[in-house]
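Here is a short briefing to read alongside the model. Please keep the structure open as you go through the points.

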Amino acid sequence: MNESRATRTEISRTNNHLHVLAEVSHAFAKVGTNYQELIEKIARTTAEFVGDGCMVTLLDVKKETLANAASAHRDPVLEKDYKDYLANTALSLSESNAVSAQVARTGIPKIADVDPESLVAQTDDALKPIVKRLNVHSYAVLAIRVRDSVIGTLSLLRSTPGRSYTPDDVALLQDLADRAGLAIENARLYDDLERRVKERTAELNELNKELESFNYSIAHDLRAPLRSISGFSKVLLEDHAEQINADGQGFLKRIVDAVMCMNQLVEDLLSLSKVSKSAPTREQVNLSTLAQSVMAKLQENEPDRKVTFVMAENVVATCDPRLLDVVLTNLLGNAFKFTRNCKNAQIEFAVKVAGQKSTFLIRDNGAGFDAKYSEKLFVAFQRLHKVSEFEGTGIGLATVRRIINRHGG
């Protein structure tokens, strides 16, 4: 009979412990990653479930000082004084005789029934006034651990005689302290991640400002000397041709061509920059109509070219029409350019549908490229053909890639 009663008592205690842990874990989880709110929640929840009062102390980065992080008490008046008094309290980990400092040094839990006056007598002078008012009859101090490393202490107290913390409570309390440690570590990691994100964002904003300044220099400072070089070279060719021999005229023509190429590169870089700053505005766009318009312009520029254009009709996508016009202009322009030497040039605009996913593609039967260099295709300034074969600056496909990425890939 006595054994049965003891078994029921043990089962009841175990169920109560599990209930407490479940409630505490739920309370911690509701707070999430807000660090200070989490610390306060740990103190409040612990005081409500397993004590009259609770104090959370945490070690500093150097693990030299144990400082109060949060406190709570069932008595609202006493809680305010408790918080105010402990707000700036910090103990030397190596020198303090406070129980919390001892537990932080050793990691060994301490529980005791005490005479309130005796506890006051052996408390650090800084803590004596508040400890006297708390009227502690029983206390428990547990190490807050993360991966076997102590990061602080969880101190619990009861102010009523006969409500002692027992050795059987230690397992529950240590489990609770370890859960608190894990929650604190997660919140710290999140805080650190947020801080790093803010730092990187600030750095990125600064880099963007520098890029804008650089683009301004390109647009204004670089164009002026290019115009001068091109203009004076043309004057020499047109007004002083008889004074310059054939070699000299050839050199001047090469200068004019190089300036035109440089000017086109400047324009392409500015276009790439504008794409980076532009926020896409999404709407339903008929890509077939857009592609037809682009091809019509290309054909107008080279009316003698015979190109067969195969197009899927009524292809619709949600996108920025202005940016997708840039994409199609670059891709179809490349197809038009690289089929220049084909007798039966053919360019196709198509769509492949697989379930809910649509893949849009442009293909041609032009010059093509060596597949082993495919990773260079969408990188700025990378070209897979000589300028003497096909003109270009190597910026177009980089612009395409950036626009597609801004649409989600």
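The crossing of α10 and α11 is left-handed, meaning that the near helix is turned anticlockwise from the far one by less than a right angle (clockwise would be right-handed). This is a predicted model, in which local features need pLDDT of at least 70 and side-chain atom pairs count only at pLDDT 80 or more, while totals for chains, interfaces and linings use all residues. Residues are numbered from 1 along each chain as its sequence is written, and side-chain values use heavy atoms, with hydrogens and water left out. Helices (H or I, at least four residues) and strands (E, at least two) are DSSP runs, numbered from the N terminus.

**The α10 and α11 pair**

- The axes of helix α10 (residues 321-338) and helix α11 (residues 396-406) come within 9 Å and cross at roughly 145 degrees; axes are lines fitted to C-alpha atoms, for helices over the stretch in contact, and angles run from 0 to 180 degrees between N-to-C directions.
- On the α10 side, the contact (heavy atoms within 4.5 Å) is made by Leu 323, Val 326, Val 327, Asn 330, Leu 331 and Asn 334.
- Gly 396, Leu 397, Thr 399, Val 400, Ile 403 and Ile 404 contribute from α11.
- By class, this contact has eight nonpolar, four polar and no charged residues; Ala, Val, Leu, Ile, Met, Phe, Trp, Tyr, Cys and Pro count as nonpolar, Asp, Glu, Lys and Arg as charged, and the others, Gly among them, as polar.

**The three-stranded sheet**

- Three strands form an open sheet in the order β8-β10-β11, with mixed pairing; two strands pair if DSSP finds at least two bridges between them.
- At the edges are β8 (307-311) and β11 (357-364), each pairing on one side only.
- From one strand to the next, the twist averages 10 degrees.
- Strand β10 (residues 345-354) pairs with β11 in the antiparallel sense over eight bridges, and Val 353 stands opposite Ser 358 in β11.
- Helix α9 (residues 287-301) packs on this sheet, touching β8, β10 and β11, and its direction makes about 175 degrees with that of β8.
- Helix α10 also lies across β8, β10 and β11, running at about 35 degrees to β11.

**The six-stranded sheet**

- The order of this open sheet is β3-β2-β1-β6-β5-β4, and its pairing is antiparallel.
- Each of the edge strands, β3 (90-92) and β4 (110-113), has a single partner strand, so one side of each is left without a neighbour in the sheet.
- The twist here averages 20 degrees from one strand to the next.
- β4 and β5 pair over four bridges in the antiparallel sense, with Ile 111 opposite Ala 140 in β5.
- α2 lies across β1, β2 and β6, at about 55 degrees to β2.
- Helix α3 (residues 76-86) touches β1, β2 and β6 as well, and its direction makes about 165 degrees with that of β2.

**The largest nonpolar core**

- A nonpolar core is a set of buried (under 20% relative accessible area, 1.4 Å probe, protein chains only) Ala, Val, Leu, Ile, Met, Phe, Trp, Tyr and Cys residues joined through side-chain atoms within 4.5 Å.
- The largest one has 29 residues, of which Ile 42, Val 56, Leu 154, Leu 156 and Ile 184 touch the most other members.
- Two or more residues come from each of α2 (35-50), β1 (53-59), β2 (65-73), β5 (138-146), β6 (149-158) and α7 (167-239), and α7 gives the largest share, eight residues.
- Beyond four places in sequence, the contacts of Leu 154 include Ile 42, Val 56, Ala 140 and Leu 176.

Definitions and conventions. Buried < 20%, exposed > 50% of the residue type's maximum accessible area, 1.4 Å probe, protein only.
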